[in-house]
Amino acid sequence: MTETHSSTARGDSGPEVARLVASRVLDVPDFPKPGVLFKDLMPLFADGKVFREVIDGIVAYHGRDGFDVVVGIEARGFVVAAALAYAAGVGVVPVRKAGKLPRPAHSVSYELEYGEATLEVHEDAFTAGHRVLVVDDVLATGGTAEATLDLVERAGGTVTGFTVLLELGFLGARQRLAPRPVHALLTV
């Protein structure tokens with residue numbers, strides 16, 4: 001395992017925040033399969049001081065009054081969403097894999113590199129006009145993000161922002177999500 005190179009770190013909240021995130025990302029080769037370089041954010045979550053700075057930075061970027069609810073994408077997005085919701089004094093809504101929610105839910109299916117997946121959100125998760133900040137840990141190809149943003153809008157939420165801790169810029173997800181703005185603390 002190696003640390004993500006932080007000396008040339010860049011991100012939408014500036015180089016200082018990007019370096020902070022990069023300093024807590026570990027590269028894990030050949031996970032979950034050979035040839036994949038997994039970006040492990042668990043060291044960032046485990047460092048209370050750094051995690052607080054990251055969460056405070058996201059709230060400052062979007063403004064404490066810029067959203068009514070935070071949506072976290074399963075599963076590491078839940079960690080970020082819960083902390084953001086607490087810091088901003090708003091609610092949190094999970095977007096889950098199919099079959100995990102106990103009440104009637106909207107669902108969307110989408111293509112992955114290796115098959116298909118389905119995400120769900122409760123039908124009553126949002127009221128009309130609810131301003132929603134969607135967050136996740138990593139933005140890779142953008143399939144999960146695109147499906148989640150569509151799902152939130154179909155369920156009645158108004159997406160006001162999409163933030164990730166780490167964007168794999170070389171995969172082109174930002175273009176896929178356009179014209180929706182993407183806020184990435186670290187882009188590699």
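Mentor: Start with one term: two residues touch, or are in contact, when heavy atoms lie within 4.5 Å. Keep in mind that this is a predicted model.

Now the sheet. It is open and has seven strands, in the order E6-E7-E5-E4-E8-E9-E10. The pairing is mixed. From one strand to the next, the twist averages 20°. Strand E6 (105-112) and E10 are the edge strands. Each has a single partner strand, so one side of each is left without a neighbour in the sheet.

Go to E4, which sits between E5 and E8 in that order. Strand E4 covers residues 69-73. Five of its five residues are buried. Both faces are covered. Val69, Val71 and Ile73 are buried on one side. Val70 and Gly72 are buried on the other. E4 runs parallel to E5, and five bridges join the two. Val71 has Val93 of E5 as its bridge partner.

Follow the chain out of E4. Glu74 lies in the loop between E4 and H4. Leaving out residues up to four places away in sequence, Glu74 touches Val95, Arg96, Lys97 and Lys100. Its side chain also reaches the backbone nitrogen of Lys97, at 3.0 Å. The next peptide bond deserves a look. From Glu74 to Ala75 it is cis, with omega near 0°. Ala75 is in the loop between E4 and H4 too.

Is Asp137 buried or exposed? The cut-off for buried is under 20% relative accessible area. Asp137 has 5% relative accessibility, so it counts as buried. Its side chain makes a polar contact of 2.4 Å with the side chain of Arg76. Beyond its neighbours within four places in sequence, Asp137 is in contact with Leu41, Arg76, Gly77, Val164, Leu165 and Leu166.

E9 and E10 pair in the parallel sense, over four bridges.

What packs on the sheet? H3 does, touching E8, E9 and E10. The direction of H3 makes about 145° with that of E9. Helix H5 (residues 143-154) lies across E4, E5, E6, E7, E8 and E9. Helix H5 runs at about 160° to E6.

Next, the nonpolar residues. In soluble globular proteins, nonpolar side chains tend to be buried together. Here the largest nonpolar core has 30 residues. Leu44, Val54, Val80, Leu84, Leu165 and Leu186 touch the most other members. Several elements give two or more residues to this core, among them helix H3 (48-62), helix H4 (76-88), strand E8 (131-139), strand E9 (158-167) and strand E10 (183-187). Val80 shows how the parts meet. Apart from neighbours within four places in sequence, Val80 is in contact with Phe45, Ile55, Ile58, Val135 and Leu165. There is also a second, separate core of 28 residues. Its members include Val93, Tyr110, Leu119 and Val182. Val93 is the residue that bridges to Val71.

Now look at Arg103, in the loop between E5 and E6. Its relative accessibility is 44%, so it counts as partly exposed. Setting aside neighbours within four places in sequence, Arg103 is in contact with His122 and Asp124. Arg103 and Glu123 are 20 residues apart in sequence, and their C-alpha atoms are 8.0 Å apart in space.

One more loop is worth a stop: the one between E2 and E3. Asp30 is found there. It has a positive phi of about 60°, although it is not a glycine. Pro32 is in the loop between strand E2 (26-29) and strand E3 (37-40) as well. A cis peptide bond joins Phe31 and Pro32, with omega about 5°.

Last, the record. UniProt lists residues 63-166 as "domain: Phosphoribosyltransferase", in an unreviewed entry. In this model, the span is 24% helix and 44% strand. Its end C-alpha atoms lie 20 Å apart.

Note on methods:
Residues are numbered from 1 along each chain as its sequence is written. This is a predicted model: local features need pLDDT of at least 70, side-chain atom pairs count only at pLDDT 80 or more; totals for chains, interfaces and linings use all residues. Side-chain values use heavy atoms; hydrogens and water are left out. A nonpolar core is a set of buried Ala, Val, Leu, Ile, Met, Phe, Trp, Tyr and Cys residues joined through side-chain atoms within 4.5 Å. Buried means under 20% relative accessible area, exposed over 50%, partly exposed in between (1.4 Å probe, protein chains only). UniProt positions are given in the numbering used here, feature names are shortened, and annotations may be inferred rather than shown by experiment. Two strands pair if DSSP finds at least two bridges between them. Axes are lines fitted to C-alpha atoms, for helices over the stretch in contact, and angles run from 0 to 180 degrees between N-to-C directions. A polar contact is a pair of N or O atoms within 3.5 Å; within protein, one must be able to donate a hydrogen and the other to accept it, and residues adjacent in sequence count only if both atoms are side-chain atoms.
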